[in-house]
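Work through the exercises below with the sequence and the 3D view at hand. Try each task before reading its solution.

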Amino acid sequence: MNIKKTSLYNLHIKYGGKLVVFAGYQMPIQYKDGIIQEHKYTRSHSGIFDVSHMGQLFISGGDDLINDLEKIFPADLKKMKTNQSKYSFLMNNKGGIQDDLIITKTSDGFLIILNAACKYTDYEVIKSKLDNQYKLNLDESLSLIALQGPEAKNVLNKVIPGCDSLKFMNGNNYVYKNEKVYITRSGYTGEDGFEISIKHSDAETFVESLIENESKLIGLGARDTLRMEAGLCLYGNDLDNDTSPIEANLKWAIPKSRIETEFVGSEVLKNQFQSGVKKLRVGIKPDSKVIARGNTKIYNDKNQEIGKVTSGTFGPSVEHPIAMGYVDNSYSTVNTKIFLEVRGKKIPANICNLPFYKKNYVKGEINV
Amino acid sequence: MSEVKYSKEHEWIKLDGEEATIGITKHATEMLGDIVFTELPEKGSNVDKDGTAGVVESTKAASDVYTPVSGEVIDTNQMIIDDPSKINEDPEESAWFFKLKIKDKTEMDSLMNKEEYEKFAKETSA
């Protein structure tokens, strides 16, 4: 396999990044400060994440683009305003999630942000379903940088003035060093923040200017603990081809206006909406300090296996182990007692609400 | 003077008469990252050379802790149970893991001295 480097590779090295191969790219798992400090810095100030490995797919051309894309994605694309973003899915015929993605309406079409490990397959799938009528560009000339945290708006505004007027899940064009950049107010940490799509050649100086404004580079390790505290799914762990958005407790991302309409997987989803699902994604809080990681088996009080943990770690901001996973629907009610099998022992835990960490934008508040 | 030796699993062991104090090396903590959970053997239990005698979990993963010698567990360090981050701060002194009444001192012979361990750590992490 050809291991790729992002445009920020030299910066990762310069700032002491420990590199690992992730989805075919050399990516920093952490920098010198370590995962906990990086996590906390993002929650208290702002963190810079290199997410250039993710796919940026631009689709344009043709009068029927919205109709044809609605046959693929369960989002309400007709109602979307230009520069508005929605969380959605690429599904298979069984209603299983092939990828979770952010779709943004641009002036001449749509921009879809895809997971790194899925992007080439997604591209082929979307292309084939669109019958080659439209212009598809999985643009590999652009870097993608996320800036997350309570200070993100102040930091970014110093480098690219005006971007603090963006609303959540909205984007716009801005100028950086005489070049166009596209910025959306979004992210995956449970914090306020932005994602900046920028030419590779400008990415390094852009990130250095964020660092000069006291932001810090944050690795994939803290990105994972941050998204878990925020109750957000990681494709490949918490979502996969055999799991539907309804089972994943992401029903909110399927607008009511689309339930009766046709898209890939719509039959299965409609059925699940009506009759319910067998398994459901839930938040899990162990009683003790034991961490239950992905693939930990879940039992009921009669020692019957009822599910599996899909993500689990220690939550640095909630200062407690946290997990999410799938359980038989009859055990999905909050405060249901369950048991996690860790190193041969059954560890008591409770089903809990997601997210584990919820920001109160005025004061900052933690729910455990 | 008490003798400190090192295992290939990155544990250090300090022998004082019959009493062996065991912990993990600074090098090990650097590889593990931030430690957030520790499990130690029970006082009074017997552990066998190279057997599992605890667990450390970092934000990234869980790793077993092995005992480099056999013996009876006579003490465990409550400090690192209460605050596992102490292991990252002071792994080779105050953040020891457990103390054993050593069964067979000759088991120390096969372990590495400081110089040998430093060479080993450097080679294996390269």
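The exercises that follow concern a predicted model.

**Exercise 1. Find the members of the largest nonpolar core that touch the most other members, and list the contacts of Leu147(A).**

Step 1. The largest nonpolar core has 116 residues, and the ones touching the most other members are Ile112(A), Ile145(A), Leu147(A) and Leu340(A).

Step 2. Compare the core with the domain bounds: at least three of its residues come from each of domain 1 (1–230) and domain 2 (251–352) of chain A.

Step 3. Leave out residues up to four places away in sequence. Leu147(A) then touches Ser46(A), Ile48(A), Ala152(A), Val155(A), Leu156(A), Gly193(A), Phe194(A), Ile196(A), Leu210(A) and Ser215(A).

**Exercise 2. Trace the strand pairing around S18 of chain A.**

Step 1. Strand S18 (residues 337–342) of chain A pairs with strand S15 (residues 297–299) of chain A over two bridges, in the antiparallel sense. Tyr299(A) has Phe339(A) in S18(A) as its bridge partner.

Step 2. S18(A) is also joined to strand S19 (residues 345–352) of chain A, by six bridges, and the two run antiparallel. Here Val342(A) stands opposite Lys345(A) in S19(A).

Step 3. Look at the turn: the hairpin of S18(A) and S19(A) has two residues between the strands, and Arg343(A) there takes a positive phi near 45°.

**Exercise 3. Is Asp240(A) buried, exposed or partly exposed, and what does Asp240(A) touch?**

Step 1. Locate the residue: Asp240(A) is in the loop between H7 and helix H8 (256–259) of chain A.

Step 2. Apply the cut-offs: a residue is buried with 20 or more other C-beta atoms within 10 Å, and exposed with 12 or fewer. Asp240(A) has 13 within 10 Å, so Asp240(A) is partly exposed.

Step 3. Leaving out residues up to four places away in sequence, Asp240(A) touches Gly96(A) and Ile97(A). Asp240(A) and Gln98(A) are 142 residues apart in sequence, yet 6.3 Å apart in space, C-alpha to C-alpha.

**Exercise 4. Describe the fold of chain B and its overall dimensions.**

Step 1. Count the elements: chain B has four helices and nine strands. Their order from the N terminus is β-β-β-α-β-β-β-β-β-α-α-β-α.

Step 2. The C-alpha trace of chain B spans about 35 × 35 × 25 Å along its principal axes.

Step 3. A compact globule of 126 residues would have a radius of gyration near 14 Å, and the 13 Å of chain B agrees with this.

Step 4. Of the 126 residues in chain B, 42% are buried.

Technical notes
Residues are numbered from 1 along each chain as its sequence is written. Chains are lettered from A and ligands numbered from 1 in the order in which they are written. This is a predicted model: local features need pLDDT of at least 70, side-chain atom pairs count only at pLDDT 80 or more; totals for chains, interfaces and linings use all residues. A nonpolar core is a set of buried Ala, Val, Leu, Ile, Met, Phe, Trp, Tyr and Cys residues joined through C-beta atoms within 7 Å. Domain bounds come from an automatic or database domain assignment. Two residues are in contact if their C-beta atoms, placed from the backbone, lie within 7 Å. The radius of gyration is taken over C-alpha atoms; the globule rule is 2.2 Å times the number of residues to the power 0.38. Two strands pair if DSSP finds at least two bridges between them.
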